[in-house]
Amino acid sequence: MADTVLVTYGTTNGSTAEIAEAVAGTLREEGLTVRALPAGSVTSVTSYDAVVVGGGLYAGRWHKDARRFVRRHRAPLTDRPVWFFSSGPLDASAAERDIPPVRGVRRAMTRLDARGHITFGGCLKEGAKGRIAKMIVSSGKGGDFRDFGAVEKWAKGIADSLTHA
């Protein structure tokens with residue numbers, strides 16, 4: 001049984017961090033000890049029994065902090081259960097169908113023998129950082145497409161896998 005879980009994430013405007021916090025909250029409710037930390041701040045994963053890595057999607061790529069985290073901790077991550085999530089589509093597509101991981105995430109999943117991946121809808125609101133993000137919001141294509149019920153369901157599946165291992 002895994003006792004301590006790291007939920008780490010790469011985010012620009014905070015939406016992916018909120019999803020990560022929701023995952024962590026559900027894992028705690030299921031009896032696990034959890035830390036949720038920005039991917040750029042994690043110096044070691046050796047004290048964790050399992051790891052969940054999330055990244056916002058930007059132009060078809062995972063957030064740079066999530067990518068760097070996976071590269072930097074590749075060796076110890078191969079020794080523990082790992083799950084990935086992505087957040088990004090600014091429409092209802094993530095709620096309507098399974099969206100496969102982008103190429104770089106798929107490669108990382110193979111290298112680490114990750115147990116799973118899910119893509120959640122994204123969120124982009126007024127005040128978002130970045131020129132392109134501001135253009136998307138000003139064109140009326142922003143909004144909040146996250147489904148926290150789906151986040152909770154996915155996290156409960158992880159908890160079940162870890163507590164009944």
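A: A crossover counts as right-handed if, with the strands pointing away from the viewer, the path from the first strand over the helix to the second runs clockwise. In this predicted model, strand E1, helix H1 (residues 15–29) and strand E2 make a right-handed β-α-β unit. E1 (residues 4–10) and E2 (residues 33–38) pair in the parallel sense over six bridges. Thr8 has Leu37 in E2 as its bridge partner.

UniProt, in an unreviewed entry, lists residues 5–159 as "domain: Flavodoxin-like". Over residues 5–159 the chain is 40% helix and 25% strand.

Now the rings. The structure holds four aromatic pairs. One of them joins Trp62 and Phe84, edge-to-face, at 5.0 Å centre to centre and 70° between the planes. Trp62 lies in strand E4 and Phe84 in strand E5 (residues 82–87), so this pair ties together parts 22 residues apart in sequence. Both Trp62 and Phe84 are buried.

Phe120 and Trp154 also pair. Their ring centres are 5.8 Å apart and their planes stand at 80°, which is over 60, so the pair is edge-to-face. This pair links distant parts of the chain, 34 residues apart: Phe120 sits in strand E6 (residues 116–120), Trp154 in helix H7 (residues 148–163). Phe120 is buried, at 3% relative accessible area. Trp154, at 14%, counts as buried, because the cut-off is under 20%. Phe85, Phe120 and Trp154 form one aromatic cluster.

Key
Residues are numbered from 1 along each chain as its sequence is written. This is a predicted model: local features need pLDDT of at least 70, side-chain atom pairs count only at pLDDT 80 or more; totals for chains, interfaces and linings use all residues. Side-chain values use heavy atoms; hydrogens and water are left out. UniProt positions are given in the numbering used here, feature names are shortened, and annotations may be inferred rather than shown by experiment. Helices (H or I, at least four residues) and strands (E, at least two) are DSSP runs, numbered from the N terminus. Two strands pair if DSSP finds at least two bridges between them. Rings of Phe, Tyr and Trp (its six-membered ring) pair if their centres lie within 6.5 Å; planes under 30 degrees apart count as stacked, over 60 as edge-to-face and the rest as tilted. Buried means under 20% relative accessible area, exposed over 50%, partly exposed in between (1.4 Å probe, protein chains only).
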